[in-house]
Amino acid sequence: TTVYIDSAMSAHMGDVFLSSAYPFFDVDNGGDFDGLIEFCTRVLEEIDRDTTVVPGHGRVAAYEDVEAYVEMLRTVRGRVAALIRDGATLEQVVAAEPTREWDAKYGNPRTFFLDRAYKSLAASAGVP
């Protein structure tokens with residue numbers, strides 16, 4: 001859930017948007033990668049370029065930061081989905097480094113991000 005504070009022109013996105021780390025989405029309890037992307041995209045449709053975005057963790061951000069975050073998520077989603085279609089295991093996805101250009105900014109993707117992205121996208125592709 002995002003909390004919008006119109007009078008302050010701000011939106012708090014919680015752990016869905018982290019300005020200095022990859023997102024956490026609870027795939028074991030119904031969260032999924034596509035839902036994460038859809039949610040962040042909807043937030044962009046609701047705010048404007050003057051809105052202050054408060055992440056769950058990290059520095060206060062702007063519209064452009066969320067916009068770049070969504071583009072990163074879409075790119076990583078495409079890369080991981082393609083690897084899954086080609087039969088890659090989680091270990092092979094991690095080895096392919098689908099997040100390489102963002103790791104310096106967001107940190108180690110292996111801890112919470114790539115495993116959840118793989119699990120979410122593999123399930124939607126029917127991979128056991």
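Predicted model: local features only at pLDDT ≥ 70, side-chain atom pairs only at ≥ 80, totals over all residues.
Visitor: Which residue in E4 does Val-53 stand opposite?

Guide: Val-53 stands opposite Ala-61. Residues are numbered from 1 along each chain as its sequence is written, and side-chain values use heavy atoms, with hydrogens and water left out.

Visitor: What makes E3 and strand E4 (residues 61-62) a pair?

Guide: Two strands pair if DSSP finds at least two bridges between them. E3 and E4 have two bridges, in the antiparallel sense, so they pair. Strands (E, at least two residues) and helices (H or I, at least four) are DSSP runs, numbered from the N terminus.

Visitor: What sits between E3 and E4 in the hairpin?

Guide: Five residues, and Gly-58 in the turn has a positive phi of about 105°.

Visitor: Why is Glu-97 called partly exposed?

Guide: Buried means under 20% relative accessible area, exposed over 50%, and partly exposed in between (1.4 Å probe, protein chains only). Glu-97 has 37% relative accessibility, so it counts as partly exposed. Glu-97 lies in the loop between helix H3 (90-96) and helix H4 (103-106).

Visitor: How do you know that the span of helix H2 (residues 63-85) agrees with what it should be?

Guide: The expected span is 1.5 Å times one less than the number of residues. For the 23 residues of H2 that should be 33 Å, and the end C-alpha atoms are 33 Å apart, so the two agree.
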